[in-house]
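Hello,

Here is the structure we spoke about. Please look it over before reading my notes below.

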Amino acid sequence: MASNLKNLSVFDRPVPSASEMSFGIVVAEWNYAITSALLEGAVATLRAAGCPEEKISVKWVPGTFELAMGAQYFAEYTNVDAVIVLGCVIQGDTRHFDFICQGVTMGVQQMQLSWNMPIAFGVLTTDDRQQALDRAGGKLGNKGDEAAATAIKMVALQREMEMEDNGENTGRAVVN
């Protein structure tokens with residue numbers, strides 16, 4: 001469903017408990033009013049899922065392009081279970097928008113696959129500032145909420161798969 005038709009802060013399925021999880025959040029300084037609102041949403045969702053405050057670490061990078069490197073620093077230098085990247089790129093008059101969006105998307109994807117770590121993509125790519133505001137705590141919810149919920153769900157999935165790989169019975173039926 002297109003995000004202009006869906007509140008990003010309403011989830012179709014319940015979010016698992018995050019009480020035993022830890023998260024790194026990398027936030028772009030560029031478009032600070034937007035990205036700080038995304039951060040508030042992400043932290044609120046993690047806390048609502050039971051993640052202790054001391055298990056949430058926040059680091060800032062200059063812009064959205066640097067989010068992948070910030071995520072790599074979390075993967076390399078910390079023991080977090082997942083990383084959430086938060087940024088905002090607003091379309092301008094040049095193709096710079098395209099290069100930044102492509103670079104951060106590919107960088108985050110590469111990070112996930114290289115480090116076998118969930119990295120939730122909370123990057124807004126909008127046509128204008130109002131669209132960004134609508135998705136950063138405005139009428140369409142908060143993309144930060146969605147990114148945090150995604151990170152929690154991916155950590156839970158990774159742990160479930162690791163338990164199954166280790167031969168532990170999860171008590172769940174396998175549904176394809």
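By how much of a helical turn are Tyr 73 and Tyr 77 separated in helix 2? By about one turn, because the two are four residues apart in that helix, residues 67–77. Helices here are DSSP runs of H or I with at least four residues, strands are E runs of at least two, and both are numbered from the N terminus.

First, the ground rules. This is a predicted model, where local features need pLDDT of at least 70 and side-chain atom pairs pLDDT 80 or more, while totals for chains, interfaces and linings use all residues. Residues are numbered from 1 along each chain as its sequence is written, and side-chain values use heavy atoms, without hydrogens and water.

Back to the tyrosines. The structure has two aromatic pairs. In one of them, the ring centres of Tyr 73 and Tyr 77 lie 6.1 Å apart with planes at 45 degrees, so this pair is tilted. (Rings of Phe, Tyr and Trp, the last by its six-membered ring, pair with centres within 6.5 Å; under 30 degrees is stacked, over 60 edge-to-face, the rest tilted.) Tyr 73 is partly exposed at 43% relative accessible area. Tyr 77 is exposed at 59%. Buried means under 20%, exposed over 50%, partly exposed in between, with a 1.4 Å probe and protein chains only.

Now the whole protein. It has five helices and six strands. Their order is β-α-β-α-β-α-β-α-β-β-α. Of its 176 residues, 42% are buried. The C-alpha atoms fill a box of roughly 55 × 35 × 35 Å along the principal axes.

Best wishes
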